Amino acid sequence: MESYSIPDSLLEIEQQQCKLLANLTFNENVRYIYNPLDYAKETHEFYIRTYCNGPKIILFLGMNPGPFGMAQNGVPFGDSAFVNNWLKIKGNVSKPHEEHPKRKIEGLNCSRSEVSGSRFWSFMEDVCGRPEIFFRNCYVHNYCPFSMMTESAKNITPADLKAQEKKVLLQICDEALYKVIMLLQVKIIVGIGKFAQERAMKVIEAYNITDNIAVVNIMHPSPINPAANKGWRDIVYAELQKSGILKYMV
């Protein structure tokens with residue numbers, strides 16, 4: 001596949017994934033579902049067209065949008081400060097079909113920091129300097145594009161879902177991930193956190209591509225993770241150095 005068609009093909013894979021996910025029914029606990037690939041279509045597409053226009057050796061894989069990150073602007077780990085000032089993402093963001101009063105979408109104007117995103121992108125800025133250097137060999141993608149929450153605005157991750165609905169969601173997202181891996185000709189998947197690592201492992205086993213692709217893990221930068229609050233940057237630097245990935249980033 002020629003590189004000029006990669007952004008179009010990637011957007012198509014995601015649209016198909018969202019269409020299938022939109023047909024799923026969830027238990028009453030899942031009260032709000034946000035699809036930032038829809039209402040933050042412009043900024044998401046800007047991210048893809050700017051930073052994913054060729055094959056990538058390394059795919060950094062997250063789980064699903066955080067409420068003050070990708071849910072706001074369509075960029076994985078999208079802390080507003082970094083999305084605006086480092087990645088320099090542009091575009092209009094509208095609103096989800098039904099908005100939780102405590103989780104309003106403010107797009108690129110969101111003033112609240114996404115701690116995971118701030119940690120993740122500040123690390124990339126420190127190590128790579130410019131986004132062009134990071135994205136030369138790397139890309140950041142989320143396994144599931146939907147953000148889900150309860151009536152009280154509590155975040156629900158794909159891992160939190162009930163067994164049967166989780167199974168169907170995983171089937172859809174696994175297939176989409178396989179297509180993304182093949183499209184980008186990925187050689188190494190970096191699971192950001194255990195869940196992403198597990199899904200990547202399942203996908204390369206199911207599609208019998210374990211010989212061609214390695215899966216490694218880095219600690220998730222979430223503030224919910226006590227270990228991440230004690231020097232996430234140094235831990236991840238060591239993990240990336242040990243797995244030989246750092247050399248692709250500088």
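This is a predicted model: local features need pLDDT of at least 70, side-chain atom pairs count only at pLDDT 80 or more; totals for chains, interfaces and linings use all residues.
Let me begin with strand S2 (residues 58-62), which runs parallel to strand S3 (138-142) and is joined to S3 by 5 bridges, where strands are DSSP runs of E with at least two residues, helices are DSSP runs of H or I with at least four residues, both numbered from the N terminus, and two strands pair if DSSP finds at least two bridges between them. Residues are numbered from 1 along each chain as its sequence is written, and side-chain values use heavy atoms, with hydrogens and water left out.

On its other pairing, S2 runs parallel to strand S6 (residues 188-192), with 4 bridges between them. Leu61 shows both pairings, as its bridge partner in S3 is His141 and its bridge partner in S6 is Gly191. Why is S2 largely enclosed by the rest of the structure? It is because 5 of the 5 residues of S2 are buried, meaning under 20% relative accessible area, with exposed over 50% and partly exposed in between (1.4 Å probe, protein chains only). Ile58, Phe60 and Gly62 point one way from the strand, and Leu59 and Leu61 point the other way.

On a 1 Å grid over the protein atoms alone, a cavity is a set of points where a 1.4 Å probe fits but cannot get out, whereas a pocket is an open set with protein on both sides within 12 Å along at least five of seven lines, and lining residues have an atom within 4 Å of a point. Grid points are joined across faces, edges and corners, and a volume is the space filled by probe spheres set on the points.

The search of the whole structure finds 1 cavity of 30 Å³ or more, and the largest cavity has a volume of about 60 Å³. Its lining includes His141 and Tyr139, and S3 gives the most to that lining, with 4 residues.

The largest pocket holds about 750 Å³ of space, and of the 32 residues that line this pocket, the closest to its centre are Ser116, Asn155, His220, Ser222 and Ile224.

Finally, the second largest pocket has a volume of about 180 Å³, and helix H1 (6-22) gives the most to its lining, with 5 residues.
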